[in-house]
Amino acid sequence: MLKTSLVAAFLTVMALSPAYAADLCNDAHMKQMDDMIASMTDAAMQKQATAALDMSKAAMKKGDTAECMKHMDEAHKAMGM
Ligand SMILES: [Cu+2]
């Protein structure tokens, strides 16, 4: 019982921590996103995801993780995630 709630608390911290966000705002994940977007079949959604990812990459270059994650989230939504 106690162990389960500790794991749940840990997962919540993981999801909310900046370290987790930084985990997605990196070159490796951007490459993964590029590949995933490239394989999308819906042209309109693909365009939307590309635009969002471009803004996410620009924010990442500036070191703005919060902004990077915001646009990353938009890209994910356009990808149906
Ligand atoms: Cu992503």
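1. Overall architecture. The protein chain contains 5 helices and 0 strands, and its elements follow the pattern α-α-α-α-α along the sequence. The model is a predicted one. Of the 81 residues in the protein chain, 27% are buried. Among contacts with a separation of 6 or more, 58% join residues 24 or more positions apart.

2. Dimensions of α4. Helix α4 covers residues 43-62, which amounts to 20 residues. From its first C-alpha to its last it reaches 29 Å, close to the 28 Å expected at 1.5 Å a residue.

3. The buried residues of α4 are Ala 49, Ala 52, Leu 53, Ser 56 and Ala 59. Viewed down the axis of α4, these buried residues fall within an arc of 115°, and they therefore line one face of the helix. The face turned away from that buried side carries the exposed residues Ala 43, Ala 44, Lys 47, Lys 61 and Lys 62. As to packing partners, the buried residues of α4 pack against α3 (27-38) and α5 (65-78).

4. The ends of α4. At the start of α4, Asp 42 places a side-chain oxygen within 3.1 Å of the backbone nitrogen of Ala 44. After α4 comes Gly 63, which has a positive phi, near 80°.

5. Geometry of the α3 and α4 pair. Two packed helices are described by the angle between their axes and the distance between the axes. For α3 and α4, the packing angle is about 170° and the axes are 10 Å apart. The two helices are therefore roughly antiparallel to each other, given that angles over 145 degrees count as such.

6. Residues at the α3 and α4 contact. On the α3 side, the residues involved are Asp 27, Met 30, Met 33, Asp 34, Ile 37 and Ala 38. They meet Gln 46, Ala 49, Thr 50, Leu 53, Ser 56, Lys 57 and Met 60 in α4. Of the α4 residues in this contact, Ala 49, Leu 53 and Ser 56 are also among those that are buried.

7. Asp 27. This residue is found in helix α3 and is exposed, with a relative accessible area of 60%. Asp 27 is among the α3 residues that meet α4. The C-alpha atoms of Asp 27 and Lys 57 are separated by 8.7 Å, although the two residues lie 30 residues apart along the chain.

8. Dimensions and burial of α5. Helix α5 has 14 residues and reaches 20 Å from its first C-alpha to its last, close to the 20 Å expected at 1.5 Å a residue. Its buried residues are Cys 68, Met 69, His 71, Met 72, Ala 75, His 76 and Ala 78.

9. The ends of α5. The N-terminal end of α5 is capped by Asp 64, whose side-chain oxygen lies 3.4 Å from the backbone nitrogen of Ala 66. Following α5 is Gly 80, with a positive phi near 85°.

10. His 29. Located in helix α3, His 29 counts as buried at 10% relative accessibility. Leaving aside residues up to four places away in sequence, His 29 touches Asp 23, Leu 24, Met 72 and His 76. Both Met 72 and His 76 are among the buried residues of α5.

11. His 76. This residue lies in helix α5 and is buried, with a relative accessible area of 12%. Not counting residues up to four places away in sequence, His 76 touches Leu 24, His 29, Met 33 and Met 81.

12. Asp 73. The position of Asp 73 is in helix α5. At 38% relative accessibility, Asp 73 counts as partly exposed. Ser 56 is one of the buried residues of α4.

Methods:
Residues are numbered from 1 along each chain as its sequence is written. This is a predicted model: local features need pLDDT of at least 70, side-chain atom pairs count only at pLDDT 80 or more; totals for chains, interfaces and linings use all residues. Side-chain values use heavy atoms; hydrogens and water are left out. Helices (H or I, at least four residues) and strands (E, at least two) are DSSP runs, numbered from the N terminus. The expected span of a helix is 1.5 Å times one less than its number of residues. Buried means under 20% relative accessible area, exposed over 50%, partly exposed in between (1.4 Å probe, protein chains only). The arc is that of the directions from the helix axis to the C-beta atoms. Contact means heavy atoms within 4.5 Å. A polar contact is a pair of N or O atoms within 3.5 Å; within protein, one must be able to donate a hydrogen and the other to accept it, and residues adjacent in sequence count only if both atoms are side-chain atoms. Axes are lines fitted to C-alpha atoms, for helices over the stretch in contact, and angles run from 0 to 180 degrees between N-to-C directions. Angles under 35 degrees count as roughly parallel, over 145 as roughly antiparallel, 65 to 115 as roughly perpendicular and the rest as oblique.
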